[in-house]
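Good morning, everyone, and thank you for making time for this. I would like to walk through one model with you, beginning with the terms and then moving from the overall fold to the ligand.

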Amino acid sequence: MTGTLKYETPHSLAELWPLLVSDRELTGFLAGGTDLIVKYKRKQLNLTRFIDLKNIESLKGIWLDENKNLHIGSLTTLTELHTHPLIQKHAPLLAAAARKMASVQIRNRATIGGNLCNAAPSADLAPPLLVLDAVVKLESDQGARELSIKSLFTGPGQTALKIGEVMTEVMVPVSEPSDKVTYLKQGLRQAMDIAMAGVAVKLNMSGNLCQEAAIALGAVAPTPIRVKAAEEWLRGQRINEQSIAKAAELAKIAANPISDVRTTADYRSELVSALVTKAIQECMTQV
Ligand SMILES: Cc1cc2nc3c(=O)[nH]c(=O)nc-3n(C[C@H](O)[C@H](O)[C@H](O)COP(=O)(O)OP(=O)(O)OC[C@H]3O[C@@H](n4cnc5c(N)ncnc54)[C@H](O)[C@@H]3O)c2cc1C
């Protein structure tokens, strides 16, 4: 990378839009910088300017609306996600997933918006937000739009965001107290590691009968995915060894993993099956 890197710090979206009149394609939005700076230093990005979003107050905050939707500002850090009382109460799955990410130092800087916009197939917040049916709000100088999280990821490192669009918030329907939820990830180490596979499960039970199931996988396909076949299979089933084994098998079939520096595709497939099994079992231990 050659030339001078420009750095701008708008204090509002109204201040941001005029900056994008020029060099829109060569601009990187900076949140916590824990992905962006790493990629820039590795010369993986052709950028001439960073626009730092951190002074834009409207991208911060966590609140609950009258329709029981949690609104999470895109600059919310991973630390805020796992410590904020509203997230702990109404989206405990998200709080638990954030707690399992990186280290204290990274969690204090890294944001929910950055995790989603970076769009790594292994992004830890993606499977929980997929099973929670989250919606993201995107804004540009052309206006605002909402997008289901299912439509956000379009490929490894790719999203449906248009150039110059900012993710302003993530909206999550509140979890019912009766929902049983688990996020499991397997890395090479116990801490500070990117997932070789991640599995989020949400079950709504009536006794031992599964009424609704949502299962999402991370790091085992070009994008994080929901596993519809396993969800449909579980709906109406009694949860026992056989029904769990079938759901795990269907999840394994839905996965499309690659081999990379972390592990092989075959091992990832086995992990999907093992983690789905364990996640459903863990859900069933919740009262
Ligand atoms: C040591 C280390 C450990 C890590 N461990 C994990 C882990 O366990 N799990 C995991 O999932 N990730 C991990 N990561 C990756 C990273 O920390 C997360 O993905 C983090 O959430 C990124 O957030 P950020 O605010 O730092 O994003 P940034 O680096 O600031 O941005 C990432 C990308 O998103 C774009 N962007 C950011 N915010 C917005 C917005 N509001 N609107 C539009 N575009 C935006 C940026 O332009 C950039 O392209 C780790 C990284 C490091 C360095």
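This is a predicted model: local features need pLDDT of at least 70, side-chain atom pairs count only at pLDDT 80 or more; totals for chains, interfaces and linings use all residues.

Residues are numbered from 1 along each chain as its sequence is written.

The protein chain has 12 helices and 14 strands, where helices (H or I, at least four residues) and strands (E, at least two) are DSSP runs numbered from the N terminus. The radius of gyration, taken over C-alpha atoms, is 19 Å, close to the 19 Å from the globule rule for 287 residues (2.2 Å times the number of residues to the power 0.38), so the chain is as compact as a globular protein of that length. Of the contacts with a separation of 6 or more, 62% are between residues 24 or more positions apart.

Turning to helix α11, residues 241–254, its 14 residues reach 20 Å from first C-alpha to last, close to the 20 Å expected, the expected span being 1.5 Å times one less than the number of residues. Which residues of α11 are buried? They are I244, A247, A248, L250, A251 and K252, where buried means that 20 or more other C-beta atoms lie within 10 Å of the residue's own. These buried residues pack against β13 (209–218), α10 (228–234) and α12 (265–285).

Next comes an open sheet of 5 strands with antiparallel pairing, in the order β4-β5-β10-β6-β7; two strands pair if DSSP finds at least two bridges between them. The edges are β4 (62–64) and β7 (143–148), each with a single partner strand, so one side of each is left without a neighbour in the sheet. Strand β6, residues 135–140, runs antiparallel to β7 and is joined to it by 6 bridges, with K137 standing opposite E146 in β7.

Finally, the ligand is surrounded by 29 residues, the closest being A31, G32, G114, N115 and C117, counting a residue when its C-beta atom, placed from the backbone, lies within 6 Å. Elements giving two or more residues to this shell include β2 (27–30) and β10 (166–173), and the largest share, 5 residues, comes from α7.

Conventions: Two residues are in contact if their C-beta atoms, placed from the backbone, lie within 7 Å. A residue is buried if 20 or more other C-beta atoms lie within 10 Å of its own, exposed if 12 or fewer, and partly exposed in between; C-beta atoms are placed from the backbone.
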